[in-house]
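Visitor: I have a model open on my screen and would like to talk it through. Could you walk me around it?

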Amino acid sequence: QTLLSQEKTLDTLKDKSFEYLKNAFEDHEENHEVSNIYANAFIKKSVKEKDTFNLAYAYLYKSYIMDYDDALAYSDSIINLTKNFKNDEFPALGYMLKGYYQYANGDDKKALKVYLIAYDYALKNNNISQQIEIKQFIGGLHYNSGNYKDALKIFKVQLLFFNWLF
């Protein structure tokens, strides 16, 4: 699309709810050109309304459709934006995202360091689902590096937890 056409599209989306923009993004996530329009509308609306929480989510969505360097930059933006949040999802979610991108890029040591920071925030915020997810990633990193004993410890605790839960 041309820049003028994208601006027109963004203008027609300005009155849409965050929920609408989120759903539209998810519906079109495979088509990066279209999903990018919804992500940009989400960012624009968040900035206009000075809504830091939704801006963090807008950056999250934007990272999903970007290349490695841009996705990493968006994860850093989420962390910087939410580091003083009193929220059960952030900034841990930003650190989780950053760890994922570092892991996917083959930088396991950096990923582990970032996941440990994410885990500390998940503990502070009492976010059990994040704690479980982060532990799985950490266990996987230990396994990938040949540290099977530590990986097994983590996976056994995870198994106990899931057996207790279900």
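Predicted model: local features only at pLDDT ≥ 70, side-chain atom pairs only at ≥ 80, totals over all residues.

Visitor: Let's start with the pockets. How much space lies in the largest pocket?

Guide: The largest pocket holds about 190 Å³ of space.

Visitor: And which residues line the largest pocket?

Guide: Its lining is made up of Leu60, Tyr64, Glu89, Leu93, Met96, Leu97, Tyr100, Asn127, Ser129, Gln130, Glu133 and Phe137. The elements that contribute two or more residues to that lining are α4 (52–64), α6 (92–104) and α8 (128–144).

Visitor: How do the residues of that lining divide into nonpolar, polar and charged?

Guide: Seven residues of the lining of the largest pocket are nonpolar, three are polar and two are charged.

Visitor: OK, and the second largest pocket, how much space lies in that one?

Guide: The second largest pocket has about 160 Å³ of space, and 10 residues line it, with Lys14, Asp15, Lys44, Lys45 and Lys48 lying nearest its centre. Two or more lining residues come from each of α1 (3–13) and α3 (32–48), and α3 gives the largest share, four residues.

Visitor: What does the lining of the second largest pocket have by class?

Guide: By class, that lining has seven charged residues and three nonpolar ones, with no polar residues.

Visitor: Back to one of those lysines: is Lys45 buried or exposed?

Guide: Lys45, which sits in helix α3, counts as buried because its relative accessibility is 12%, and the cut-off for buried is under 20%.

Visitor: What does Lys45 touch, then, leaving out residues up to four places away in sequence?

Guide: With those set aside, Lys45 is in contact with Lys14, Lys16, Ser17, Phe18 and Leu21.

Visitor: Which residues are buried in helix α2?

Guide: In helix α2, which spans residues 18–27, the buried residues are Phe18, Leu21, Ala24 and Phe25. Viewed down the axis of α2, these buried residues fall within an arc of 130 degrees, so they line one face of the helix.

Visitor: Changing topic to rings. How many aromatic pairs are there in the whole structure?

Guide: A search of the whole structure finds 15 aromatic pairs. One of them is Tyr95 with Tyr121, a stacked pair whose centres are 5.6 Å apart and whose planes are 15 degrees apart. This pair links distant parts of the chain, since Tyr95 is in helix α6 and Tyr121 is in helix α7 (residues 108–124), 26 residues apart.

Visitor: Are Tyr95 and Tyr121 buried or exposed?

Guide: Both Tyr95 and Tyr121 are buried. Another aromatic pair, Tyr143 with Tyr148, is edge-to-face, at 5.1 Å centre to centre and with 65 degrees between the planes. In that pair Tyr143 is partly exposed, with a relative accessible area of 48%, and Tyr148 is also partly exposed, at 49%.

Visitor: Which residues do ring pairs link into a cluster?

Guide: Ring pairs join Phe18, Phe25, Phe42, Phe53, Tyr57, Tyr61, Tyr64, Phe85 and Phe90 into a cluster. Of these, Phe18 and Phe25 are among the buried residues of α2, while Tyr64 also belongs to the lining of the largest pocket.

Visitor: Last one: where does Ser77 lie?

Guide: Ser77 lies in helix α5 (residues 68–82) and is partly exposed, with a relative accessible area of 29%. From C-alpha to C-alpha, Ser77 and Leu60 are 9.3 Å apart in space, and they are 17 residues apart in sequence.

Key:
Residues numbered from 1 in each chain as written. Heavy atoms only, no water. Buried < 20%, exposed > 50% of the residue type's maximum accessible area, 1.4 Å probe, protein only. Arc of directions from axis to C-beta. 1 Å grid on protein atoms, 1.4 Å probe; cavity = no way out; pocket = protein on both sides within 12 Å on 5 of 7 lines; lining within 4 Å. Points joined across faces, edges and corners; volume = space filled by probe spheres on them. Nonpolar A, V, L, I, M, F, W, Y, C, P; charged D, E, K, R; others polar. Contact = heavy atoms within 4.5 Å. Phe/Tyr/Trp six-rings, centres within 6.5 Å; stacked < 30°, edge-to-face > 60°.
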